[in-house]
Amino acid sequence: MKVLILGIDGYLGWALALRLVKKGHEVMGIDNFYTRKAVSEIGSDSALPILSMQDRIRAVEEVFGAKIGFVEGDVTNYELIRKVVDKYRPDTIVHFAEQRSAPYSMMDVEHAKYTMINNLTSTLNVIYAVKEVNKKIHILKMGTLGEYGYPAFRIPEDAFVEAVIQGVKDRIVVPKWAGSWYHWSKVFDSYILLYANRLWGLTITDFHQGPVYGTRTSDIVTEELFTRFDIDDVWGTVINRFCAEAVVGHPLTVYGSGLQKKGFTSLEDTITALTALIENPPEDGEFRTVHHYREIKTLNEMAELVKRAAKEVLGYEPEIVHLPNPRVEPEEDLLYEPEKKVLPKLGIYRLTRAMEDEVVIMLKDLKPYADRIRKMQALFRPRVKWRD
Ligand SMILES: NC(=O)c1ccc[n+]([C@@H]2O[C@H](COP(=O)([O-])OP(=O)(O)OC[C@H]3O[C@@H](n4cnc5c(N)ncnc54)[C@H](O)[C@@H]3O)[C@@H](O)[C@H]2O)c1
């Protein structure tokens, strides 16, 4: 298949590109290197060193004997995206090209606006490019489970749900209540996609994934193929940050009570799921909502798990500290088990590895880069506060 990956230089984009070329698919990517720039803007860097795109592509050719096509450019530039889609004629467009940090979006009005404008404009450009070039192209859009918040009902894996409102039954769009400007941008993305499906019959997978963790997939067989790995308070997701903290003997920084629950998935299992969704697209004109997470855990459970793994790999147990929660989020008595139907039907439900075992691999991968991580350790403590 021909796959166009928007945001190919990112954590997920690069790992997906490797899996697809390894499986014999043709891959083309676009990126404006925004994440590289924005991470350095706050004084941070990927904990694992990553090559320039030119060198990445060369490394892929050496390891897999396959060529990845690349255009440096901004997906918010409509002419650019339309031209690339027209010339390349992909079967699937995977849309990752968004500002993806909740804390970054909460810094101030400029960062909030950047997040909204970048994310919504890129999604609008993708749907218009597909409508203009070929309505049959499958759009696989990366959203997040964070769009829903923590409702009292079990979150259905569907765009619509039956509800009784003031005594009247109707089918309504599944209610959402996001917890940052970033997450709201994803909610609005979902509405844009659903409307484009109703309006023009576009074929869309709206993929809701929980936080991803892990340093590698089975395709990352040399250091030259590393994907980025962020660890600071703004760009690092929670388990990735805990592991980096453990490697340099820094306390594991849990926000608030640590009873917050989320559905986590390893990078390996995320890439397997994305590949299955690309290889098994929806019917022409279908709007497919997909939920993906593998293990539901509280922050406290994960901190304990990293602490135990650190003892095994590093020979010491890092302290666990609780910091005032900079976010505004529910912390206790959470019912959290979003429905999952689509991926299990495609045979995607087994864990490649339990989180305990994945964390051991992560600590082993990060250990040689302890000096590099130490230089960034001042960035572990949260600086962006939702209410200040
Ligand atoms: N990593 C996670 O835990 C996670 C979980 C759920 C959803 N997601 C979503 O998955 C997608 C990919 O996440 P990631 O972790 O790989 O993030 P990332 O920041 O590492 O990758 C995103 C890539 O898109 C590029 N990009 C951003 N805006 C662009 C634009 N306008 N034009 C061209 N390129 C642009 C960035 O430079 C970056 O390389 C994001 O949309 C994110 O919101 C990620």
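Predicted model: local features only at pLDDT ≥ 70, side-chain atom pairs only at ≥ 80, totals over all residues.
Me: Leaving aside its neighbours within four places in sequence, which residues is K311 in contact with?
Reply: Residues are numbered from 1 along each chain as its sequence is written, and side-chain values use heavy atoms, with hydrogens and water left out. K311 sits in helix α10, helices being DSSP runs of H or I with at least four residues, numbered from the N terminus. Taking contact as heavy atoms within 4.5 Å, the partners of K311 are Y316 and E317.

Me: How are α10 and α12 oriented, parallel, perpendicular or oblique?
Reply: The axes, lines fitted to C-alpha atoms over the stretch in contact, with angles from 0 to 180 degrees between N-to-C directions, come within 9 Å for α10 (residues 299-314) and α12 (residues 355-366) and cross at roughly 50°. Under 35 degrees is roughly parallel, over 145 roughly antiparallel, 65 to 115 roughly perpendicular and the rest oblique. That's why α10 is, relative to α12, oblique.

Me: How far from an oxygen atom of the ligand is a polar side-chain atom of D31?
Reply: Counting heavy atoms within 4 Å, 29 residues surround the ligand, and D31 is among the closest. A polar contact is a pair of N or O atoms within 3.5 Å. From the backbone, Y34 has an N or O atom 3.0 Å from a ligand oxygen. For the D31 side chain, the distance is 2.6 Å.

Technical notes. Helix = DSSP H or I, 4+ residues; strand = E, 2+ residues; numbered from the N terminus. Polar contact = N/O pair within 3.5 Å; in protein donor to acceptor, adjacent residues only side chain to side chain.
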